[in-house]
Amino acid sequence: MESIKQKLGPPAYAARPDFRNLGVILRLLLAVNLLAVLTVLVRVDDPGMLLPELVLMAGRVELPLFLSVLLLYSLALRLHALTAEWSFAGVCGVALVSVVLTWPLVQESEGGSLFRSLGWALGATLLCLLYFDYRSRLFSPALTEARLLALTARIRPHFLFNTLNGVLGVIRTDPLRAERGLEELADLFRVFMRDNRELVPLGDEIALCKRYLELEKLRLGERLRVRWEVSLGADDELARALVPALLLQPLVENAVYHGVEPRLDAGEVVVRVAQQGRDLLLEVDNEAVAQASHHAGNNMALDNIRERLMLFYDLEGRLESDCSKGRYCVRIRLPIRSSSA
Amino acid sequence: MTALPLRVLIVDDEAPARNRLRDVLGDIAETHPARIVGMASNGVEALRLLETSEVDVVLADIRMPAMDGVELARHLARRENPPAVIFTTAFDEYAVQAFDVAAVDYLLKPVRAGRLAKALEKLKRILPADDVLVTLAPGERQHFSVTERGRILLLPVTDVRYLKAEQKYVTACTQDRDYLLDETLMQIEQEFPERFLRIHRSCLVARTAIAGVERVGEGDGEGRWDVLLRDSDEHLPVSRRQWPVLRQALGV
């Protein structure tokens, strides 16, 4: 099994750009155009010639660029199946092929050399790949950190000790409930401690949250109310969609800590899961408690989730939180990836 | 060791936690006889129980809704012959440090029998001063205590619309009536910087109670501003010194 391996390899999923992601496509277009502008700025001395040269450059760059993006989009899955080196070579190949294929159209405007264009395209491709590699490295600490956070700050020691105390409190009167509580605690910590850098099926994450809430019910009893509004689609299709591990649980824990525990009467946590077009929508909603002391742990968990969404989904994953009409709501939207793809 | 059993009040918002303390007290009953006077699920309930029964020790959880353990201790400290307070907490690095500094007794949950026995042996009967207790809780109180004819009333802070200093006392005014507090305006202003605004040397107003401001005495050159209160005809004068502060706070 993979999880037995102690040494952590590079995160397989995040290392390579997903050429079907809107954010990646936008970054690619911007980066190449920026390089084109820089090239012109370096080459042209006469300010008066700047504009015509820019137009000329655009004429040469845009067509192969669009073709590359299109090819990368259609070949994304194949590239993904290759090893890192081969997919790297594949991307360079796509760029070169695009230049060659568009050459007859571009070349008529000016008698440039094909080899110089190929050289430029190769350089631009390498720079872009370096940029994406740098970006993934920049964000990958968030993944390792997620695991640490789970064990320290986010899975608050408060939670562990209170739960143990709760189990001890029922052990004499209701040994069976105590037993179940310890089993749930063991299951939870197994998930908290495993390598959480891979995507997991949404169904598993929901099961984890249910287990966690069961444990909190032991302590809070009737004060904790939970409403699940989950529509998993026909044949539980949505349950197989892949999401980052520990995406929902920290939000539910926050809702209990801030929205239920400080309340005198019962507090309700609402969890919504729904599909909207090709997006997955997750919502955790609790009654806001008017208290000045807003725990710093809350923002830490949100920031971490936001970073991981950025890493996995770039611009297509979003986390928003708002407080209105006496309710505090955190909303996550991310593109659906199914386990079969 | 005293022959009489100690009278104990258990305060915790979680039922299993209360039961656990009760069980452990039962386990050490032979060496440390104790009688559980009552169990309360927050500070307000505890104070209500304490009105009718005599208690030697209060075992109070720190984090509770309505009134936490530290606020409970602050209200108890105002009484004559307050009971000893032992705090219980699951985990709070900040609080634990503060408790060591304040020299108050605390137990970490899950509470062990041996540790509880030790705490009961050397009860600290004297509660620390209010300013020390303040350092234990990062939050503000949710109630003022009002002593009236030998009884102690709890006045929810949210009910107070404004506070006025008159000679030795501070009067807290609510929609219904006024209460005398044994505190200074300065202390209150420091504890509730978000809730109350100072509009005069002798007056604090709850932000939420302010309906608007009105200019009075126009024409004499020496005009001043008054604060208008929500649902009331009362006017409170704003001092010239506090006017710029108030104006900024209200954004007018």
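**Exercise 1.** Which residues of the largest nonpolar core touch the most other members?

*Solution.* The structure is a predicted model, in which local features need pLDDT of at least 70 and side-chain atom pairs count only at pLDDT 80 or more, while totals for chains, interfaces and linings use all residues. Side-chain values use heavy atoms, without hydrogens and water. Begin with the term: a nonpolar core is a set of buried Ala, Val, Leu, Ile, Met, Phe, Trp, Tyr and Cys residues joined through side-chain atoms within 4.5 Å, where buried means under 20% relative accessible area (1.4 Å probe, protein chains only). Among the 47 residues of the largest such core, A:Leu202 and A:Ile332 touch the most other members. Helix H9 of chain A gives the most to this core, with 8 residues. Next, setting aside neighbours within four places in sequence, the contacts (heavy atoms within 4.5 Å) of A:Leu202 include A:Leu232, A:Val273 and A:Leu282.

**Exercise 2.** Describe the interface of chain A and chain B.

*Solution.* Start with its extent: 21 residues of chain A are in contact with 19 residues of chain B, and the two chains bury about 1,800 Å² between them, 53% of it on carbon and sulfur atoms; this is the accessible area (1.4 Å probe) lost on putting the two parts together, summed over both. Then turn to charge: the interface holds 5 salt bridges, each a side-chain nitrogen of Lys or Arg within 4 Å of a carboxyl oxygen of Asp or Glu. A:Arg172 and B:Asp27 form a salt bridge, with 2.7 Å from N to O.

Definitions and conventions
Residues are numbered from 1 along each chain as its sequence is written. Chains are lettered from A and ligands numbered from 1 in the order in which they are written. Buried means under 20% relative accessible area, exposed over 50%, partly exposed in between (1.4 Å probe, protein chains only). Helices (H or I, at least four residues) and strands (E, at least two) are DSSP runs, numbered from the N terminus.
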